[in-house]
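Let's take a walk through this protein and see how a few of its residues sit. Keep the structure open while you read.

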Amino acid sequence: MSATPAVDALDRRLGTPGDEHPAYLPSALTALDRQEAFPADACRVLDDFGLAAHYVPATAGGRLRDHTELLQLLRTVARRDLTVAVGHGKTFLGAASVWVGGTPEQARRTGASITAGSVASWGLTERGHGSDLLAGEVSAVRDAGGWQLNGEKWLINNATRGDLVCVLARTSPDGGPRGFSLFLVDKRQLPEGAHTCLPKVPTHGIRGADISGITFHNARLTDDTLVGEVGAGVEIVLKALQITRTVCAALSLGAGDTAVRIAVDYARHRSLYGRTLAELPRVRRILGEISAAQLLAEATGLVASRSIHALPGEMSVISAITKALVPDLAQHIIDRTAELLGVRGFLSEQYADGTFAKLERDHRVVAIFDGNTAVNRNALIDQFPLLATRYRRARTQPAATTATTAATTATTAVTAATAVTAATALGRDLGDFSPRHLSLISSDGCSLVQSLPEAAARITAEADAGRLPRETAVLAERIRAEADALHEELAAQRRTPRDVPAESFALAERYELCYAAAACLRLWLDNPWPAGRAGEVPAAARNGLWLQACLRLVLTRLGHRLDEAGATAYDRLADHALDVSGATSLTTLLPGPASRSTS
């Protein structure tokens, strides 16, 4: 359950607050932000470390074997600066379609280019069309020996700096789901005049990032630039988004880490009315609550990233949940920290070199990447009928009518349970990622949420045995009841693709919270928290403190009114956060560099 050697090594390379690598000094990064200048020196440190090799699957010559490690690596960068993480990490997003839909030879060629230093970008969106990929006007027309690419892609990260651009282009005049194809364009191989890079677009956050555009002018492409089959572009993109949306959680987790650290440091050192803020009950409650929110976000991100390997067929659901919920939780943490900091949260130079003010602006952009929150919740809404049916089937488990059906049902249940455990048992090795198992619709529903009733029952057994407080079991049972009621509402939803009821989005948000609760329950049950020595498990794991606080936060966000006595879990979390003598901090479930005290 510890951080990997690569994560530990990167963390040491970048340094800790007060002892940063020169390129990661907060004053230097905020100065670049004011100048809207790209953080080239900081990205060069990542190049020298070899981070780009972790964007490339091992089967294509890189070091990517575990997407959870990649999540933690990008989180390590995002904890220092979101602009750097966005600018450098975009290469993974730009190449993801090749890993999902390209030929082995194409993947190896692309992998070699990226590990050698090439920067990749993803040319999906166009001016005026936003997230509507089927409205795209950039066209690729067949001609003798290849294709001619024409049109403009806009608001593209690394469009100017990038060497490789994975472009979604219309290959059928009529468009439609099978009317678009993907092309991996190497700008360096295009003749002069075949493309024009558009000016950098000023942005509110990540000001130094290369958010620009590119126009193609009869750019000649050879057949080997085609990724996948003609007409398969949208399908490949949607499958690749299942991976990139999940990995994007790293940006929010890193931002949350920094916000919690700033809040704790401020509370410890700021005095008011003769005592520090940390001594005020209201401030301690805020610190505990944002710590619980960060742990809830991490639980969601960890299980989701492991599910890329363990439950690839369900990633259409899991990625949508993760991309909607984790940025939402991180923004909540940032907003509560801003409330605590007051005017200092708006100072761009005088307080903490303007780190928080920059963080607050930068993170608001994260929710837009790879489909905004509404787009992801709509993707979840599309699967409500299947989610409701699969949950009901797992909940009731009706008697099979024949021996064959009974055997099939039992085998399916065992397979799902094994896959969920693989996703939640952090010490278990994950198998290789298999892109061919990705699906646009999860025919199995969401196995993690479907395991929630059983997990709640196991938590009750833990409480009965005295291994958890009774309050934890009560919270788990209330969430189980909420999940049962929610799935009845999902089954009753009536909609068409162009007529999505407003209440469906509220139901999607509730489903996300049930997923996060299930992730917490299974992480507690499937890992040896109570058995580990004090230095090997987070202090907040003792007696299930983090679990109780996270479950309470889920119920609060679901609209439940809870008694004040149970809220002391937040206060006890604050005690751990403020205990700088401890070996670990509170904002990670994984011991290692991210958990070391940085105060």
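Start with Tyr-55: at 0% relative accessibility, this residue counts as buried, where buried means under 20% relative accessible area, exposed means over 50%, and partly exposed is in between (with a 1.4 Å probe, protein chains only). Phe-92 is buried too, with a relative accessible area of 1%. Before going further, note that this is a predicted model: local features need pLDDT of at least 70, side-chain atom pairs count only at pLDDT 80 or more, and totals for chains, interfaces and linings use all residues. Residues are numbered from 1 along each chain as its sequence is written, and side-chain values use heavy atoms, with hydrogens and water left out.

Back to the rings. A pair of aromatic rings is described by the distance of the centres and the angle of the planes. The rule here is that rings of Phe, Tyr and Trp (its six-membered ring) pair if their centres lie within 6.5 Å; planes under 30 degrees apart are stacked, over 60 edge-to-face, and the rest tilted. That rule gives three aromatic pairs. In one of them, Tyr-55 and Phe-92 have ring centres 6.4 Å apart and planes at 50°, so the pair is tilted. The pair links distant parts of the chain, 37 residues apart: Tyr-55 is in the loop between α3 (40-49) and α4 (67-80), and Phe-92 is in helix α5 (residues 82-101). As for these labels, helices (H or I, at least four residues) and strands (E, at least two) are DSSP runs, numbered from the N terminus.

Next, look at Thr-196, which lies in strand β8. What does its side chain join up with? A polar contact of 2.7 Å connects it to the side chain of His-217. (A polar contact is a pair of N or O atoms within 3.5 Å; within protein, one must be able to donate a hydrogen and the other to accept it, and residues adjacent in sequence count only if both atoms are side-chain atoms.) Thr-196 and His-217 are 21 residues apart in sequence, and their C-alpha atoms are 7.9 Å apart. Leaving out residues up to four places away in sequence, Thr-196 touches Gly-213, Ile-214, Thr-215 and His-217, where contact means heavy atoms within 4.5 Å.

Ser-451 has a polar contact as well: its side chain meets that of Arg-522 at 3.4 Å. You'll find Ser-451 in the loop between α15 (447-450) and α16 (452-464).

Here is how some residues compare in burial:

| Residue | Relative accessible area | Class |
|---|---|---|
| Ser-451 | 8% | buried |
| Ile-206 | 2% | buried |
| Asn-218 | 44% | partly exposed |
| Thr-196 | 36% | partly exposed |

Two of those have something else to show. Ile-206, in the loop between β8 (195-198) and β9 (211-221), has a positive phi of about 40° although it is not a glycine. Asn-218, found in strand β9, has a positive phi near 50°, and this residue isn't a glycine either.

The chain's mean pLDDT is 91, and 91% of its residues reach 70 or more. Over residues 398-411, though, pLDDT stays under 50, and the model has three contacts beyond four places in sequence for them. Residues 592-599 are also below 50, with 24 contacts beyond near neighbours in sequence.

Definitions and conventions
pLDDT is the predictor's confidence in each residue, from 0 to 100.
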